[in-house]
Amino acid sequence: MDSKAKRIAIFIVLCSMVAVMAAVVAVNYQSFVGGSDKKNGVDKTNSSLPQIEEDGKVSGADLSAFLRDDDFFDKDVALTTENETQTDENGNPVRALTLLASSVERDIRVRVTDDKGDVVAGQEFTVVVEDTGAYVDEDKDGVIRISDMKPGEYKVSLNAVEGYEVPANPVNVRVKSIVSYTVIDDIEFFVHSEDEVDVAKDDTENDELDSMDEDDTQYTALLDIEEERENAVQLGIDVSKWNKEIDWEIVKAEGVDFAIIRCGYRGSTSGWLVEDPYFYKNLEGAKKAGIKVGVYFFTQAVDLVEAVEEASMVVSLLGDTKLDYPVFIDTEGAGGNGRADNLDPGTRTAIVNAFCKTIENAQMTAGVYASRNWILNNLNRDELNDQKVWLAEYRQTPEYDGHYDMWQYTSSGAVAGIEGRVDLNISYLGID
């Protein structure tokens, strides 16, 4: 090929390359212009493609298309909605149950709860303890207590109940051989309100002292003890639901320094743990008025386990509330018909010590309330531990010859802000 022909060939190749490059530039330019036109509301792109709107959504997109895709979900995963519940063959809702079990000493305490953790009442549940037998919730309160168990490991299961889904597997529980004086974690499940009990039979706390422990010389008003204030003597009251509504600001203005508030009691007949319906109202009102507070619990415990239960209930009700005065166990009688009225002094003293030890292990100060005659005849005072003593003796000067830290000198007191009679006290605890 001569030189002229080579030049013509090279020229043709170069022209072809320029033409290709021009075509590429033209295509990209049209895409760029199309994008600009779309921003200005002019769509020059393929109308069959989904378009991005100003709110960020895709115009014309079928967002539920994946639900019709047979391959999108695993075959063994069922779709459920938030409000969907399991139903029986008749379409009625089925409630899932949980079985909980614990032990304090040679016992098993079973609770049946729902999906919210609340005890399920109104159903006669039956639990089976492996190699032991079946036990029925006869009072239908969702709690079953099994006593006289040998120490060891047990499996507890719940029998089928219509309308409920029971746990498929049994729960394990270790029965303790010796009671430990520590707060029972699940005690709140065993605490009842007054609308669940026969109050007339269960709340029989007796504030009448033996005639040997009172006379006509008792004071019935707040004492004038200003001269003793230097010794940190303080004036106080003790109250419960029987005192009804209290104007705590007026009580404070009357010169009341402290209040011992009843938090609850054990039923004299049923044996249930019952919260005083005025407890939280009184506790909050007294603290808000600047009155120092302590609490007391009226016991009807008949053994050490029940004493630990009562102390645990007190700790549970208090929560994070800080007390200025001790937690007292009121160990006096319930009018002669209480379940604990006929205990011998040794058993009653052991119950007092168990209650106080549990309170002390919860980092609180413990004490015992009783009259002079009750201490001398129904307790072994030499066997009491170092808990504080709150003496009840209604006369001008107590005849009790033992040590005491507080003195309840009348149950017939009068204090503005409280309707009716109120118990009056002096404290020698020296609390700032």
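Does Tyr-409 count as buried or exposed, and at what relative accessibility? At 0% relative accessibility, Tyr-409 counts as buried; the term means under 20% relative accessible area, with exposed over 50% and partly exposed in between (1.4 Å probe, protein chains only).

The model is predicted, so local features need pLDDT of at least 70 and side-chain atom pairs count only at pLDDT 80 or more, while totals for chains, interfaces and linings use all residues. Residues are numbered from 1 along each chain as its sequence is written, and side-chain values use heavy atoms, with hydrogens and water left out.

**Aromatic pairs**

The structure holds ten aromatic pairs. Rings of Phe, Tyr and Trp (its six-membered ring) pair if their centres lie within 6.5 Å; planes under 30 degrees apart count as stacked, over 60 as edge-to-face and the rest as tilted. Two of the pairs are listed here.

| Pair | Centre to centre | Angle between planes | Class |
|---|---|---|---|
| Tyr-219 and Tyr-409 | 6.3 Å | 85 degrees | edge-to-face |
| Tyr-404 and Tyr-428 | 6.2 Å | 70 degrees | edge-to-face |

Tyr-219 lies in the loop between helix H2 (199–202) and strand E13 (234–239) and Tyr-409 in strand E20 (residues 406–413), so their pair ties together parts 190 residues apart in sequence. Helices (H or I, at least four residues) and strands (E, at least two) are DSSP runs, numbered from the N terminus. Tyr-219 is partly exposed, at a relative accessible area of 32%. Tyr-428, in the segment after strand E21 (422–427), is 24 residues from Tyr-404; Tyr-428 is partly exposed at 36%. Elsewhere, ring pairs join Tyr-296, Phe-328, Tyr-369 and Trp-390 in a cluster.

**Helix H5**

Helix H5 (residues 304–318) has 15 residues and spans 22 Å from its first C-alpha to its last, close to the 21 Å expected at 1.5 Å a residue; the expected span is 1.5 Å times one less than the number of residues. Of the 15 residues in H5, 13 are buried. At the start of H5, a side-chain oxygen of Asp-303 comes to within 3.2 Å of the backbone nitrogen of Val-305. Just after H5, Gly-319 has a positive phi of about 60 degrees.

**An open sheet**

Three strands form an open sheet in the order E4-E5-E8, with antiparallel pairing; two strands pair if DSSP finds at least two bridges between them. Strand E4 (98–102) and strand E8 (143–146) are at the edges with a single partner strand each, so one side of each has no neighbour in the sheet. Strand E5 (residues 108–113) pairs with E8 over four bridges, and Ile-108 stands opposite Ile-146 in E8.

Key: Polar contact = N/O pair within 3.5 Å; in protein donor to acceptor, adjacent residues only side chain to side chain.
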